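Subject: Structure handover

Hello,

I am passing this structure on to you. Please have a look at it first; my notes on what was found follow below.

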Amino acid sequence: MTPLLKVEGLGKFYGRHLGCADISFTLWPGEVMGIVGESGSGKSTLLNCLAGHMPPDTGRVMFDTRDQGLRDTLEMSEPERRWLARTDWAFVHQNPRDGLRMNVSAGGNVGDRLMAVGARHYGDIRRQASDWLGRVEIDAGRIDERPRAFSGGMQQRLQIARNLVTGPRLVFMDEPTGGLDVSVQARLLDLLRGLVRHFGLSAVIVTHDLAVVRLLADRLMVMKDGHVVEEGLTDQVLDDPQDAYTQLLVSSVLQV
Amino acid sequence: MTDYNFAYLDEATKRMLRRAILKAVAIPGYQVPFSSREMPMPYGWGTGGVQVTAACLVPEDTLKVIDQGADDTTNAVSIRNFFARVARVTTTEATAEASVIQTRHRIPERPLTDGQILVFQVPIPEPLRFLEPRETETRTMHALEDYGLMQVRLYEDIARHGEIARAYAYPVRVEGRYIMDPSPIPKFDNPKLDRSPALHLFGAGREGRIYALPPHTRVESLDFEDYPFTASKAAGQRCAICGAEDSYLDEVITDDAGGRMFVCSDTDYCATRVAAQAEDAA
């Protein structure tokens with residue numbers, strides 16, 4: 001089997017400061033990988049390098065493209081990378097305002113990617129948009145409302161619908177539940193878990209919330225100071241942490 | 001009249017403008033930057049068009065200037081007088097006689113012919129401007145043909161108004177490549193751009209951009225398969241002066257009691273028709 005994403009020796013420096021270094025892992029189709037760590041540990045840097053939002057200084061990011069097999073995304077041309085970013089890839093931002101077009105209706109937001117890859121039939125676009133709003137539990141009657149009329153949880157669900165509408169094979173998520181209250185978080189996680197299982201999505205989820213990775217991730221990477229300190233199956237890492245930092249992280253979770 | 005160089009601008013400036021125009025003609029629909037000069041008129045009055053016209057004019061040219069289709073409005077009259085003074089070219093109001101036509105907001109009704117140059121005054125050359133504020137990003141979008149956003153705007157129009165509500169400056173795609181703002185002409189005029197035998201030049205003075213449609217260029221107005229582009233005008237009306245049904249009409253309010261009339265916005269077209277009718281009657 002070909003891995004979906006293969007990362008080798010990825011590193012990024014901000015001037016003299018280390019963003020992340022020596023990151024290598026392989027993501028297989030249908031697998032969800034969690035990346036946890038404290039603020040400033042390089043999680044988001046890593047995710048942005050993977051998703052092509054910024055160029056890493058060292059290493060390679062190989063993606064299994066549909067027609068040409070494993071290719072280094074960093075050596076792709078910008079049009080190819082952008083095409084990938086709106087077809088096979090999806091990026092869910094922590095703040096839905098970063099991922100949504102706030103002055104465009106919910107239907108337009110979902111249809112955006114469809115139109116970007118060439119859909120030119122209004123009726124079809126609208127049908128798909130209302131179908132996807134239904135899947136993320138947004139009333140189809142609100143299709144023409146702007147995202148700012150939606151609650152934070154709804155905005156986040158709209159962002160997910162907007163990203164998944166083109167049937168991506170790999171989803172990058174940056175703290176998808178950050179900034180939401182716990183009951184909304186639970187609902188969103190439930191929805192995400194359903195979508196991930198239903199579509200067999202592969203995903204890389206960056207979070208500092210261990211509950212999120214426990215529910216969603218098959219495998220887990222723990223990062224500290226730009227390096228991976230521990231890696232393994234989610235339950236294994238969370239239930240039997242080996243590294244001192246992971247032990248600290250796991251024991252820091254408040255029990256209610 | 002020896003105070004000014006021919007056509008007001010100095011030769012080096014005209015050379016710079018011509019280089020930009022040549023590049024624009026070579027890449028239809030692409031916005032070529034040029035270093036716009038101060039002109040003896042305010043921005044928004046057609047400084048871009050005037051510079052392009054100045055660079056195109058030769059002493060043998062016959063110049064026509066229209067504003068909203070009319071030859072007799074302030075803007076048209078003053079630009080025509082300007083070139084009559086500084087270039088001493090012949091001026092005309094007849095579309096058929098003109099070799100260079102500077103226009104604001106309209107394309108003449110009478111079909112343009114081989115060898116004519118139509119110069120547009122453009123306020124905002126970037127069709128993606130109100131969708132994406134960053135100039136660096138809009139240039140990248142043009143370079144990568146990343147035009148989904150424009151379609152999103154048309155989608156929004158249909159979702160909100162039931163049709164594509166854009167009535168002027170309706171975006172077009174040039175030769176299947178660049179998306180271009182045809183300047184604020186009514187969308188009624190968009191089909192006239194398609195495969196026109198004339199050369200169309202667009203000058204934006206404030207933003208310093210020139211773009212062009214060489215003769216016989218394919219120009220398609222953007223739309224959806226199930227919401228095709230329509231070149232609309234005042235429905236069911238005819239010109240109150242010449243009776244034309246096929247021309248673009250201006251609505252003129254005649255009193256404060258709801259009185260109104262529709263007249264051709266192209267004054268030359270209207271006058272030509274009236275003269276022909278008088279001749280027939282005689």
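A residue counts as buried if 20 or more other C-beta atoms lie within 10 Å of its own, as exposed if 12 or fewer do, and as partly exposed in between, with the C-beta atoms placed from the backbone. By that rule G37(A) is buried, because 26 other C-beta atoms lie within 10 Å.

Some conventions. This is a predicted model, in which local features need pLDDT of at least 70 and side-chain atom pairs count only at pLDDT 80 or more, while totals for chains, interfaces and linings use all residues. Residues are numbered from 1 along each chain as its sequence is written, and chains are lettered from A and ligands numbered from 1 in the order in which they are written. Helices (H or I, at least four residues) and strands (E, at least two) are DSSP runs, numbered from the N terminus.

G37(A) and the six-stranded sheet

G37(A) belongs to strand β3 (residues 32-37) of chain A. Leaving aside residues up to four places away in sequence, G37(A) touches K43(A), H208(A), V222(A), M223(A) and K224(A); contact means C-beta atoms, placed from the backbone, within 7 Å. V61(A) is 24 residues from G37(A) in sequence, and the two C-alpha atoms are 21 Å apart in space.

In chain A, 6 strands make an open sheet with mixed pairing, in the order β6-β7-β8-β3-β9-β10; two strands pair if DSSP finds at least two bridges between them. β6 (89-92) and β10 (227-233) of chain A are at the edges with a single partner strand each, so one side of each has no neighbour in the sheet. Strand β9 (residues 219-224) of chain A runs antiparallel to β10(A), and 6 bridges join them. M221(A) is opposite E231(A) in β10(A). Helix α10 (residues 244-251) of chain A packs on this sheet and touches β3, β9 and β10 of chain A, its direction making about 105 degrees with that of β9(A). Axes are lines fitted to C-alpha atoms, for helices over the stretch in contact, and angles run from 0 to 180 degrees between N-to-C directions.

The four-stranded sheet

Another open sheet of chain A has 4 strands in the order β2-β1-β4-β5, with antiparallel pairing. Here β2 (17-27) and β5 (69-72) of chain A stand at the edges; each has a single partner strand, so one side of each is left without a neighbour in the sheet. Between one strand and the next, the twist averages 25 degrees. Strand β1 (residues 5-14) of chain A pairs with β2(A) over 7 bridges in the antiparallel sense, and Y14(A) stands opposite H17(A) in β2(A).

Helix pairs

The axes of helix α6 (residues 152-164) and helix α7 (residues 182-199) of chain A come within 10 Å and cross at roughly 15 degrees. α6(A) and α7(A) are therefore roughly parallel to each other, the cut-off for that term being under 35 degrees.

α4(A) and α5(A) pack at an angle of about 120 degrees, with axes 9 Å apart.

Contact between the chains

Chain A gives 17 residues to the contact and chain B gives 14 residues. On the side of chain A that touches chain B, α2 (78-86), α4 (106-116) and α5 (122-135) of chain A each supply at least two residues. The largest share of that side, 6 residues, comes from α4(A).

Regards

Conventions
Angles under 35 degrees count as roughly parallel, over 145 as roughly antiparallel, 65 to 115 as roughly perpendicular and the rest as oblique. Two residues are in contact if their C-beta atoms, placed from the backbone, lie within 7 Å.
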